[in-house]
Number of protein chains: 2
Amino acid sequence: LKPFNYTKVELEQVTEPGANGAKIRWLISKKDGALNFAMRLIEIEPNGYSSLHQHDWEHEVFILEGKGCIRSKNNEESLNPGDVIYIEPLEWHQLINKGNSIFKFICSIPSQTD
Amino acid sequence: LKPFNYTKVELEQVTEPGANGAKIRWLISKKDGALNFAMRLIEIEPNGYSSLHQHDWEHEVFILEGKGCIRSKNNEESLNPGDVIYIEPLEWHQLINKGNSIFKFICSIPSQTD
């Protein structure tokens, strides 16, 4: 039970094809003993984005800072701090920075996928 | 894939004995189809606290706003926005507002417990 600031966790480049200017911090995951789900913090640079993709696990997202949008196959929704998104398994999704500062959000996933 | 602001989710009183001035919003849970884990946002009023308790599931916590601390059986750690805490199953814990504004944090739990 040792609190730590999120900036103490390594900021790793997201290397998935189709992503640009996206970085991730694995805040809490299996390495900490968390076997059920993982909490990550994603940081997207101005003009950056995650890849437009789908997978068979869900995301639970909370927007912390910046301005962005989420795009699926057929629509786009704007995102601001305090917004919440539940991305169901198999839903297509891409998160895009639409502002001039870093777009930051919590993105938690079930652990079998990390 | 419909984003919503967290304030749109009902703010429910925490009625557990030992808690005072603590409220909870179930942002994403089984009712939304999220079967693995739930994302909640907890709001504690100035001078308020959650109960000092333990249970056999973990918490994954991210501090959003305000100033507080987490107390366990033998120690107390201060908490500020951007701080992360992994509370292991069976760890004793109590979150306390130590500031003059609402102390807000994300607290996610595995779904079998909600």
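Trainee: How much space lies in the second largest pocket?
Mentor: The model is a predicted one. In this model the space in the second largest pocket comes to about 340 Å³.

Trainee: Which residues lie nearest the centre of the second largest pocket?
Mentor: The lining of this pocket consists of 21 residues. Strands E3 (20-28), E4 (37-49), E5 (59-65) and E10 (103-110) of chain A each give two or more residues to that lining. Nearest the centre are A:Glu16, A:Arg40, A:Ile42, A:His53 and A:His59.

Trainee: How many residues of the lining of the second largest pocket are charged?
Mentor: The lining holds 13 nonpolar and 6 polar residues. The number of charged residues is 2.

Trainee: What is the volume of the largest pocket?
Mentor: The largest pocket is lined by residues that include B:Glu16, B:Ile24, B:Arg40, B:His53 and B:His59, the closest to its centre. Its volume is about 420 Å³.

Trainee: Which elements give two or more residues to the lining of the largest pocket?
Mentor: The lining counts 21 residues, and by class 11 are nonpolar, 7 polar and 3 charged. The elements that give two or more of them belong to chain B. They are strands E3 (20-28), E4 (37-49) and E10 (103-110).

Trainee: How many residues of strand E5 of chain B are buried?
Mentor: Strand E5 of chain B spans residues 59-65 and is mostly covered. Of its 7 residues, the number buried is 6.

Trainee: What is the bridge partner of B:Glu65 in E10(B)?
Mentor: E5(B) runs antiparallel to strand E8 (residues 83-87) of chain B, with 4 bridges between them, and here B:His59 faces B:Ile87. E5(B) is also antiparallel to E10(B), through 5 bridges. In E10(B), B:Glu65 is partnered by B:Lys104.

Trainee: Is strand E8 of chain A largely enclosed or open, and how many of its residues are buried?
Mentor: A:Asp83, A:Ile85 and A:Ile87 are buried on one side of E8(A), and A:Val84 and A:Tyr86 are buried on the other. The strand is therefore largely enclosed by the rest of the structure, the number of buried residues being 5 of 5.

Trainee: Which residue in E1(B) stands opposite A:Asp83?
Mentor: Within chain A, E8(A) is joined to E5(A) by 4 bridges in the antiparallel sense, and A:Ile87 of E8(A) stands opposite A:His59. E8(A) also pairs with strand E1 (residues 4-5) of chain B, antiparallel and over 2 bridges. In that pairing, A:Asp83 stands opposite B:Asn5.

Trainee: Which kind of axis relates the two copies?
Mentor: Chain B is superposed on chain A by a rotation of 180° with 0.0 Å of shift along the axis, at an RMSD of 0.0 Å. The copies are thus related as by a two-fold rotation axis.

Trainee: What percentage of the interface residues of chain B are also interface residues in chain A?
Mentor: The copies meet through the same surface.

Trainee: Where does B:Leu90 lie, and how far is it from B:Glu58 in space, C-alpha to C-alpha?
Mentor: B:Leu90 is in the loop between E8 and strand E9 (94-97) of chain B. Neighbours within four places in sequence aside, B:Leu90 contacts B:Gln54, B:His55 and B:Asp56. B:Glu58 is 32 residues from B:Leu90 in sequence, and in space the two C-alpha atoms are apart by 7.8 Å.

Trainee: Is A:Leu90 buried or exposed?
Mentor: A:Leu90 sits in the loop between E8 and strand E9 (94-97) of chain A. Its phi is near 75°, positive although the residue is not glycine. With a relative accessible area of 52%, over the 50% cut-off, A:Leu90 is exposed.

Trainee: What is the relative accessibility of B:Asn47?
Mentor: B:Asn47 belongs to strand E4 of chain B, and its phi is also positive, near 70°, in a residue other than glycine. B:Asn47 counts as exposed, at a relative accessibility of 66%.

Trainee: What separation do the C-alpha atoms of A:Leu11 and A:Gln54 have?
Mentor: A:Leu11 is in the loop between strand E1 (4-5) and strand E2 (12-13) of chain A and is partly exposed, at 33% relative accessible area. Apart from residues up to four places away in sequence, A:Leu11 touches A:Lys23, A:Ile24, A:Arg25 and A:Glu43. A:Gln54 is 43 residues from A:Leu11 along the chain, and their C-alpha atoms are separated by 23 Å.

Key:
Residues numbered from 1 in each chain as written. Chains lettered and ligands numbered in written order. Predicted model: local features only at pLDDT ≥ 70, side-chain atom pairs only at ≥ 80, totals over all residues. Heavy atoms only, no water. 1 Å grid on protein atoms, 1.4 Å probe; cavity = no way out; pocket = protein on both sides within 12 Å on 5 of 7 lines; lining within 4 Å. Points joined across faces, edges and corners; volume = space filled by probe spheres on them. Nonpolar A, V, L, I, M, F, W, Y, C, P; charged D, E, K, R; others polar. Buried < 20%, exposed > 50% of the residue type's maximum accessible area, 1.4 Å probe, protein only. Pairing = 2+ DSSP bridges. Least-squares fit on C-alpha atoms with pLDDT ≥ 70 in both. Contact = heavy atoms within 4.5 Å.
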